[in-house]
Amino acid sequence: MPPLAVPPPAEPPAVVTPARATPIGPELDARINAIIEANGGYQLGVALIDITDGAVHGYGVQDKFVAASTAKILAAAAYYNLTERGLASLEDPLGDSTAAEQIQQMVQQSDNESWALILDAVGQQGLTDYAASIGIDYDRTVNILTPAEMARTLALLYTGQLLNAENTAQLLSYMQNTNFETLIPAAVPPGISVFHKYGLLFGNLHDASILAQGDRAYVFVVYTLGLDTSDMDDRAGIIHELTEAVTAALF
């Protein structure tokens, strides 16, 4: 694998204080629920977190979905955690490059070969144990998460509770300008930063994001399950509609 061009680190997360009331309330709840109810032919699960208070707001299906590639964020965080504990290095050779390059490829390009290499380095039990340490019930053999679990993972990442500042900024930078920007990012107005990881597998189409502007930041996760790839465009449209409703209310 040729060396990847490493993007500049993302801006460190803003220090957010709980000085304001969250705009997540009945009006937005009703709008999200209306969109979900209008598209009852699909399984739709939404989770929303205001970083200022950390409360998870769940809508639609809150059971576990096949997480698809959104779980690559957990794998990346688990490997970074090993480096912070002195048990691995970002310069360790993995495949035909380094661990750092494989993480970038796994997150930014959603490369499954890179994912396999990182998973092998972390270990199946190691990943399960790491997820449990941050309050997430995850088994790689089935690769399932609830929208709320994915949202909590991203909230911990953005607020610096998963990784040190350097690794947090690096991982966030890989969650921008990815190879698939047509879901949540496509419907976000200019001036709002988007950090996200999409997932696409069989009938699963997901996007898990952090939306930030100034001192406001929200985690916004949409998991969807349909029949197969034939209805992907319809579900992308639903993700856009949900994104527009959320950003209009929160920014």
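**Close-up views of a predicted model**

Figure 1. The residues that line the largest pocket are Ala-68, Ser-69, Lys-72, Ser-110, Asn-112, Trp-115, Arg-140, Asn-143, Tyr-198, Leu-200 and Leu-201. The space in this pocket amounts to about 160 Å³. Sorted by class, its lining comprises five nonpolar, four polar and two charged residues. At least two lining residues come from each of helix H4 (112–122) and strand S7 (193–201). Strand S7 provides the largest share of the lining, with three residues.

**Figure 2. Asn-143, a residue of the pocket lining with positive phi.** Asn-143 belongs to the loop between helix H5 (124–133) and strand S6 (144–145). Its phi is near 50°, a positive value in a residue other than glycine. The relative accessibility of Asn-143 is 7%, and the residue therefore counts as buried. Asn-143 is also among the residues that line the largest pocket.

**Figure 3. The aromatic pair of Phe-180 and Tyr-198.** The structure contains four aromatic pairs; the pair shown here and the pair in Figure 4 are discussed in turn. A pair of aromatic rings is described by the distance of the centres and the angle of the planes. For Tyr-158 and Phe-195, the ring centres are 6.3 Å apart and the planes lie at 50°, so this pair is tilted. For Phe-180 and Tyr-198, the ring centres are 4.8 Å apart and the planes lie at 50°, so this pair is likewise classed as tilted. Phe-180 is in the loop between helix H7 (165–174) and S7, whereas Tyr-198 is in strand S7; the two are 18 residues apart, and the pair links distant parts of the chain. With a relative accessibility of 24%, Phe-180 counts as partly exposed. Tyr-198, by contrast, is buried, its relative accessible area being 9%. Tyr-198 is also one of the residues that line the largest pocket.

**Figure 4. The aromatic pair of Tyr-158 and Phe-195.** This is one of the four aromatic pairs of the structure. The planes of the two rings meet at 50° and their centres are 6.3 Å apart, so the pair is tilted. Tyr-158 is part of helix H6 (residues 147–158) and Phe-195 is part of strand S7, so the pair ties together parts that are 37 residues apart in sequence. Both Tyr-158 and Phe-195 are buried.

**Figure 5. Asn-177 in the loop between H7 and S7.** The phi angle of Asn-177 is near 50°, which is a positive value in a residue other than glycine. Asn-177 has a relative accessible area of 64% and is therefore exposed.

Figure 6. Arg-235 has 0% relative accessibility, so the residue counts as buried. Its side chain reaches the backbone oxygen of Gly-203 at 2.7 Å. Apart from neighbours within four places in sequence, Arg-235 is in contact with Tyr-42, Gly-203, Asn-204, Leu-205, Thr-224, Leu-225, Gly-226 and Asp-228.

**Figure 7. Polar contact between the side chains of Thr-52 and Asp-50.** Thr-52 is located in the loop between strand S1 (43–50) and strand S2 (56–60). The polar contact that joins the side chains of Thr-52 and Asp-50 is 2.8 Å. Thr-52 has a relative accessible area of 12% and is therefore buried.

Notes:
Residues are numbered from 1 along each chain as its sequence is written. This is a predicted model: local features need pLDDT of at least 70, side-chain atom pairs count only at pLDDT 80 or more; totals for chains, interfaces and linings use all residues. Side-chain values use heavy atoms; hydrogens and water are left out. Buried means under 20% relative accessible area, exposed over 50%, partly exposed in between (1.4 Å probe, protein chains only). A polar contact is a pair of N or O atoms within 3.5 Å; within protein, one must be able to donate a hydrogen and the other to accept it, and residues adjacent in sequence count only if both atoms are side-chain atoms. Contact means heavy atoms within 4.5 Å. On a 1 Å grid over the protein atoms alone, a cavity is a set of points where a 1.4 Å probe fits but cannot get out, and a pocket is an open set with protein on both sides within 12 Å along at least five of seven lines; lining residues have an atom within 4 Å of a point. Grid points are joined across faces, edges and corners, and a volume is the space filled by probe spheres set on the points. Helices (H or I, at least four residues) and strands (E, at least two) are DSSP runs, numbered from the N terminus. Ala, Val, Leu, Ile, Met, Phe, Trp, Tyr, Cys and Pro count as nonpolar, Asp, Glu, Lys and Arg as charged, and the others, Gly among them, as polar. Rings of Phe, Tyr and Trp (its six-membered ring) pair if their centres lie within 6.5 Å; planes under 30 degrees apart count as stacked, over 60 as edge-to-face and the rest as tilted.
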